[in-house]
2 protein chains.
Amino acid sequence: MSVRVAIDCMGGDHGLPVTIPAALSFLRHASDARLLLVGMSDRIEQALIEAGAPASSPLRNRLEIRHASEVVEMDDSLQVALRGKRDSSMRVAVGLLREGQADVCVSAGNTGALMAVSRFVLKTLEGIDRPAIATQMPNRTGGTTTVLDLGANVDCEPEHYLQFGIMGSALVSALGGADRPTVGLLNIGEELIKGNDTVKQAAELLRASTLNFRGNVEGNDIYEGTVDVVVCDGFVGNVALKTSEGLAKMLGDFIREEYKRHVFTRLMALLSYPVLRRFRKRLDHRRYNGASLVGLRGVVIKSHGSADAYAFEVALQRGYDAARNGLLQRIEETLARMRAGGPSAQLPDPVAAAGQN
Amino acid sequence: MSVRVAIDCMGGDHGLPVTIPAALSFLRHASDARLLLVGMSDRIEQALIEAGAPASSPLRNRLEIRHASEVVEMDDSLQVALRGKRDSSMRVAVGLLREGQADVCVSAGNTGALMAVSRFVLKTLEGIDRPAIATQMPNRTGGTTTVLDLGANVDCEPEHYLQFGIMGSALVSALGGADRPTVGLLNIGEELIKGNDTVKQAAELLRASTLNFRGNVEGNDIYEGTVDVVVCDGFVGNVALKTSEGLAKMLGDFIREEYKRHVFTRLMALLSYPVLRRFRKRLDHRRYNGASLVGLRGVVIKSHGSADAYAFEVALQRGYDAARNGLLQRIEETLARMRAGGPSAQLPDPVAAAGQN
């Protein structure tokens, strides 16, 4: 079965000069993929020619261009994205999922706009109140830790953490990880007052679920790789992600500065090049590009806005994997299993759970 | 004027073998400091002798031993720390502040216990509802960013963020930073739903205050050094801190692994030693040891529990600086200025502010 990938070719900081070369490279590697390139058709055609895929190229048999006359800019408001630009490449690409013409949609556009458009066009899965944003962060084990939510939901009720756990587990399995991924609830230290009431109630729901829940984890556990999935509210997750980005950037700059200090250290940098390159590769954020918008009736992948062609291809690959390995079905199966399970495995009644506050 | 430093000599993972050598080294460098060493007097006496300060040592003229028969262990509950061990070294040391016998108290004991004991013994400053935990994190400018709260307050009302801003600003000034430090409110990305209601209201209060408020910042700004003080609730601050610790540890391990890979890379590590040492020094978390418990009627510094003598001495120095530069007076002056200021500079009425929710 071929996987059909809809690409918002106009989104992101760079648009076509990044998305088209990435799409072609991806297509060469994924022999059973088919692409739907969404955006201004004449410009896409031109970009394809420039990237070495004229109309005569055999690659063209596995790709189609779908015209969209508008582009959601990185600084457009949600209002503009949702109501102003109904023929945007983002919206048309997401629409292809809804129409069953594509199995996954990838965009490097504005996160808030992509979430709003996806939610509006696709709706959420039954049993999921709110979609979330999930990403993979590298950890010490050499694997990755999946963290969600990263900013779509800033005020969460206990049952949302449970839903994040369900979606995160399904995502890990779909992306080739464990079959029953371990799940941890992001909380704060033992010695301090342990978390707030919402988080405490979330822990109870997770513990009573059929998920492989391992209890509370702390910020450092994201990088220890203590669990496969870390659930938290979108405010906390976003701060953890951005703080990490800031620290990694500062450390990279520090290393560069130290090696540039004088002739001897410059020589050392040259000699250490293989080591530094491996180190850089290991941490290359481009390798982890592609956040998943989970909980929707369709697989939507958000690439970093500033992604280059390599990073964007990673996001395409991630979307392809998620669709190919049945991310949606896995989420739905877990939800169904919980509904069918014994009393301790049942999904909470959202109204009753909210009432516990 | 001499600064009198009360030291909980029994606290932390190591106790006397760390606290006594650190205390003596600190005393040698700070010629106007006087120390009150609190703990089991015979064991302190023995440790002083072992560390090269017998009764005949001139250093002994500037130190006194204060006996305390109990020790708050790292895993003692708050109940035990507060009610069970009334003669603990932690409690006696904090008590010396209250009795006006000391200007600052430093402990490496359990954070939760130290905060609970300090709050119980000292009470909060007028105008401060809740004390907070603040620490300095290194940033790209070569300076530090002061972040609070780090875990004492998991559910905050808008006015608490304002109080954190006041306390953080006073702390930065007292520790030798700017006279009117810039303050940022930790929030999440532009493109997402900007923060929750509490944070939005906090921004309004901060904007209306006499603080040098610069608006919202994101997690990466902690390391960019965008502002001097970053305020957030204790849950978010704790996650940001722990996540950073985890990432820094993972990166350190990665570098070590890469350099250990084979003979050539080991040689590179040897040659790069000066660079790697400078890098390590720049990031040495021991240099940033000493979190401040602010908002209390006394200056209390919390050292990392696992601190070695070098790190503990850094915490002593930080406490000495804070006391010497009038941390408490600075907080009180700012509060007084706000109360006296025009309508736009007034401290909000806590009851009315809480009612806005």
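A salt bridge is a side-chain nitrogen of Lys or Arg within 4 Å of a carboxyl oxygen of Asp or Glu. In the predicted model described here, this rule finds four salt bridges across the interface of chain B and chain A. Over all chains, the count comes to 18 salt bridges.

The interface itself was examined next. Chain A and chain B each give 63 residues to the contact. The size of an interface is often given as the accessible area lost when the parts come together. For chain B and chain A, the buried area is about 5,700 Å², and carbon and sulfur atoms give 69% of this value. Six residue pairs, with both residues at pLDDT 80 or more, are in polar contact across the interface of the two chains. On the side of chain B that touches chain A, the elements giving two or more residues are the strand β5 (132-138) and the helices α5 (111-122), α7 (197-208), α8 (221-224), α9 (234-260), α10 (263-271) and α11 (273-283). The largest share of this side, 21 residues, is supplied by α9(B). By residue class, the side of chain B that touches chain A comprises 31 nonpolar, 18 polar and 14 charged residues.

Side chains of opposite charge can pair when their charged atoms come close. One such pair between the chains is formed by Asp253(B) and Arg140(A), with 2.3 Å between the closest N and O atoms. Asp253(B) lies in helix α9 of chain B, whereas Arg140(A) lies in the loop between β5 (132-138) and β6 (144-148) of chain A. Asp253(B) has a relative accessible area of 13% and is therefore classed as buried, because buried means under 20%. Arg140(A), with a relative accessible area of 30%, is partly exposed. Salt bridges that share partners join Arg140(A), Asp253(B) and Glu224(A) into one network.

Two salt bridges within chain A were also examined. Asp32(A) and Arg324(A) form a salt bridge with an N to O distance of 2.5 Å. This pair links distant parts of the chain, since Asp32(A) is in the loop between α1 (16-29) and β2 (33-39) and Arg324(A) is in helix α12 (residues 309-324), 292 residues apart. Asp32(A) is partly exposed at 21% relative accessibility, and Arg324(A) is likewise partly exposed at 41%. In the other pair, the side chains of Glu64(A) and Arg66(A) meet in a salt bridge at 2.9 Å, N to O. The relative accessibility of Arg66(A) is 22%, which places this residue in the partly exposed class. Glu64(A) also counts as partly exposed, at 34%.

Conventions: Residues are numbered from 1 along each chain as its sequence is written. Chains are lettered from A and ligands numbered from 1 in the order in which they are written. This is a predicted model: local features need pLDDT of at least 70, side-chain atom pairs count only at pLDDT 80 or more; totals for chains, interfaces and linings use all residues. Side-chain values use heavy atoms; hydrogens and water are left out. Contact means heavy atoms within 4.5 Å. Buried area is the accessible area (1.4 Å probe) that two parts lose on being put together, summed over both. A polar contact is a pair of N or O atoms within 3.5 Å; within protein, one must be able to donate a hydrogen and the other to accept it, and residues adjacent in sequence count only if both atoms are side-chain atoms. Helices (H or I, at least four residues) and strands (E, at least two) are DSSP runs, numbered from the N terminus. Ala, Val, Leu, Ile, Met, Phe, Trp, Tyr, Cys and Pro count as nonpolar, Asp, Glu, Lys and Arg as charged, and the others, Gly among them, as polar. Buried means under 20% relative accessible area, exposed over 50%, partly exposed in between (1.4 Å probe, protein chains only).
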